[in-house]
Amino acid sequence: MKKICIVTSTYNLQITNKLRINAKKALKRFKKISVTDFDVPGAFEIPVMISKLANRYDGFIAIGCVIKGQTKNFDLISHAITNGIMHLSIAKKKPIGNAILTCFNQGQAKNRFDRGAEAAEAVISVLENGSKKK
């Protein structure tokens, strides 16, 4: 059985909860998968939580929503999160589906709820393809 962990930011919860629901719906289509949820306060904390849990799960789905404000913070946070997730995925050799939205407004975020399912499907694809011998 493959163990998947969904790490969700509670910041912008109306958006992130819908992403999580769609990720879980996608995961239900696959057999022999167990899913565990962890919440973190914001998207910036997602890589830290994944790092702490990396040895306990086969794959991860990172769910968050960063909406651009009036400062450069949006760019800094978005880059830091993306780099952190990619580094962890490579270093730990674990797939991490990225469903962290980076949008200019809530309307854009609401049009991207399917990213939760896409991230879940990407993780399963990597896990399944990684276990096949050629």
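Ile 15 touches Cys 65, Ile 67, Leu 101, Gln 106, Ala 109 and Phe 113, where contact means heavy atoms within 4.5 Å and residues up to four places away in sequence are not counted. The model is a predicted one, in which local features need pLDDT of at least 70 and side-chain atom pairs count only at pLDDT 80 or more, while totals for chains, interfaces and linings use all residues. Residues are numbered from 1 along each chain as its sequence is written, and side-chain values use heavy atoms, with hydrogens and water left out.

Ile 15 is also one of the residues that touch the most other members of the largest nonpolar core, which has 22 residues; Ile 4, Leu 27, Ile 61, Ile 63 and Leu 101 are listed with it. A nonpolar core is here a set of buried Ala, Val, Leu, Ile, Met, Phe, Trp, Tyr and Cys residues joined through side-chain atoms within 4.5 Å, and buried means under 20% relative accessible area, exposed over 50% and partly exposed in between, with a 1.4 Å probe and protein chains only. The elements giving two or more residues to this core are β1, α1 (13-28), β3, β4 and α5 (115-130), and α5 gives the most, with 6 residues. Helices (H or I, at least four residues) and strands (E, at least two) are DSSP runs numbered from the N terminus.

A second, separate core of 19 residues includes Leu 53, Phe 60, Ala 62 and Ile 77. Of these, Ala 62 is found in strand β3 and counts as buried, at 0% relative accessibility. Leaving aside residues up to four places away in sequence, Ala 62 touches Val 7, Ile 46, Ile 50, Ile 85, Ile 96, Gly 97, Asn 98, Ala 99 and Ile 100.

Strand β3 belongs to an open sheet of 4 strands, whose order is β2-β1-β3-β4 and whose pairing is parallel; two strands pair if DSSP finds at least two bridges between them. Because β2 (33-40) and β4 (96-103) stand at the edges, each with a single partner strand, one side of each is left without a neighbour in the sheet. Neighbouring strands are turned by 15° against each other on average, direction ignored. Strand β3, residues 59-67, pairs with β4 in the parallel sense over 8 bridges, and Gly 64 stands opposite Ile 100 in β4.

Two helices can now be placed against this sheet. Helix α2 (residues 46-53) lies across β1 (2-9), β2, β3 and β4 and runs at about 165° to β3, whereas helix α3 (residues 73-92) lies across β3 and β4 and runs at about 175° to β4. Such angles run from 0 to 180 degrees between N-to-C directions, with axes fitted as lines to C-alpha atoms, for helices over the stretch in contact. Within helix α3 sits Ser 78, which is buried, with a relative accessible area of 12%, and which touches Val 66 and Thr 102, again not counting residues up to four places away in sequence.

Taken as a whole, the protein chain has 5 helices and 4 strands, following the pattern β-α-β-α-β-α-β-α-α along the sequence. Buried residues make up 43% of its 134 residues, and among contacts between residues at least 6 apart in sequence, 75% join residues at least 24 apart.
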